Amino acid sequence: MRKLVSLCAILAACGGTPSLPSDSPAPSNPESRVPNPGSPVVLTDDFGGRQLFPADNWWNQDISTAPIDPQSDAYINFIGRTRGAHPDFGPPPYGIPYVGVGGSQARVPITFVDYGSESDPGFRGENGYPVPDAAKSQPNFTEGGAPGGGTDGDRHLLIVDRDRWLLYELFAARWNASRERWEAGSGAVFDLSSNARRPEGWTSADAAGLAILPGLVRYDEALRGSVRHAFRLTVRQTNGFVWPASHRAGSTAGALPMGARLRLKASKDLTRYPAQIQSMFRAMQTYGLIVADNGSDMYVTGVMDARWNNSELNPAFASLTAADFDVIQLGWR
């Protein structure tokens with residue numbers, strides 16, 4: 001059964017109606033299906049289980065047998081071997097929200113106030129991002145939960161055009177009511193059917209120049225037990241960048257570069273954890289964690305979702321320390 005999680009009040013504000021679950025059998029190849037074309041704005045859209053980016057994309061790449069970097073121990077020591085992991089997500093206002101829209105959603109121009117020269121004004125000559133009108137006045141469209149984005153924090157705003165299979169991401173997004181325009185620090189548009197990277201040296205809505213949404217821990221995936229991608233990770237300091245990242249945000253000697261991958265050791269026993277936690281930790285063993293931004297050490301980013309249980313998430317993640325991870329060969333592909 002396809003499950004859509006939506007907030008009825010927000011959907012009403014968007015002029016839409018929540019889609020009803022379907023009891024029809026799932027398609028044999030859900031990744032080939034463009035789900036629910038023309039449907040309304042949906043917060044935390046599951047996209048019918050469709051995988052973001054191709055199977056051979058760096059976010060979806062199996063690194064379980066990738067070689068360990070010769071400096072792995074030194075990098076882990078820099079973080080601190082006893083440093084516990086932390087779920088940087090949970091019920092509102094924790095985590096990064098995202099929204100799915102139909103291909104007919106109106107594009108609105110974005111004024112970039114910081115990294116305009118490294119930002120995409122739209123997709124392939126188009127101008128604008130499909131920001132739902134409700135995002136101006138309703139909570140939980142933008143990271144931090146404030147209607148219109150507010151003025152504090154990273155304020156990521158992530159939107160998927162599910163019909164055209166495009167991902168639009170903004171950093172430091174806010175609705176400037178006095179000027180009647182959307183503003184952002186930076187923005188990037190990704191074709192979810194392509195493995196194209198950002199131009200070398202360019203940022204995105206993330207410091208590493210990577211897409212954000214494909215690296216978020218999502219509730220529906222964990223519940224299904226089929227998490228098939230790496231997770232976004234922050235560390236306190238970084239040093240340059242390596243593939244697949246395209247942008248640096250630090251030059252601290254001894255620190256990991258943007259784009260570095262950590263992998264949970266296969267020897268870590270996961271049997272004592274609840275099934276949903278096991279599915280996340282198995283993904284860390286198979287796909288790993290990608291350093292994507294400066295922040296708190298060992299913070300794993302996920303989706304803002306009212307269904308998360310912090311009393312389960314926090315102790316489980318804290319039981320993983322940096323010493324439970326290896327750094328795989330930098331730039332491995």
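Helix α2 (residues 72-79) has four residues to look at, S72, Y75, I76 and I79, which are its buried ones; buried here means under 20% relative accessible area, exposed means over 50%, and partly exposed is in between, using a 1.4 Å probe and protein chains only. Seen down the axis of α2, these buried residues fall within an arc of 100°, so they line one face of the helix. That arc is taken from the directions from the helix axis to the C-beta atoms. They pack against β10 (231-235), β11 (261-264) and β14 (325-327), with contact meaning heavy atoms within 4.5 Å. Helices (H or I, at least four residues) and strands (E, at least two) are DSSP runs, numbered from the N terminus. Just after α2, G80 takes a positive phi of about 115°.

A quick note on what you're looking at: this is a predicted model, where local features need pLDDT of at least 70 and side-chain atom pairs count only at pLDDT 80 or more, while totals for chains, interfaces and linings use all residues. Residues are numbered from 1 along each chain as its sequence is written, and side-chain values use heavy atoms, leaving out hydrogens and water.

Now try helix α5 (residues 310-318), where L313, A316 and F317 are buried. Down the axis of α5, its buried residues fall within an arc of 90°, so they line one face of the helix. Their packing partners are β2 (86-88), α4 (275-286) and β13 (299-301).

What about charges? Side chains of opposite charge can pair when their charged atoms come close. The structure holds 18 salt bridges, each a side-chain nitrogen of Lys or Arg within 4 Å of a carboxyl oxygen of Asp or Glu. Here are some of them:

| Salt bridge | N to O distance |
|---|---|
| D46 and R224 | 2.6 Å |
| D161 and R107 | 2.7 Å |
| R198 and D120 | 2.5 Å |

In the D46 and R224 salt bridge, D46 lies in the loop between β1 (42-43) and α2 and R224 in helix α3 (residues 219-224), so the pair ties together parts that are 178 residues apart in sequence. D46 is buried at 4% relative accessibility, whereas R224, at 41%, is partly exposed.

Finally, visit T238, in the loop between β10 and β11. T238 is buried, with a relative accessible area of 1%. Which side chain does the side chain of T238 make a polar contact with? The partner is N294, at 2.8 Å; a polar contact is a pair of N or O atoms within 3.5 Å where, within protein, one must be able to donate a hydrogen and the other to accept it, and residues adjacent in sequence count only if both atoms are side-chain atoms.
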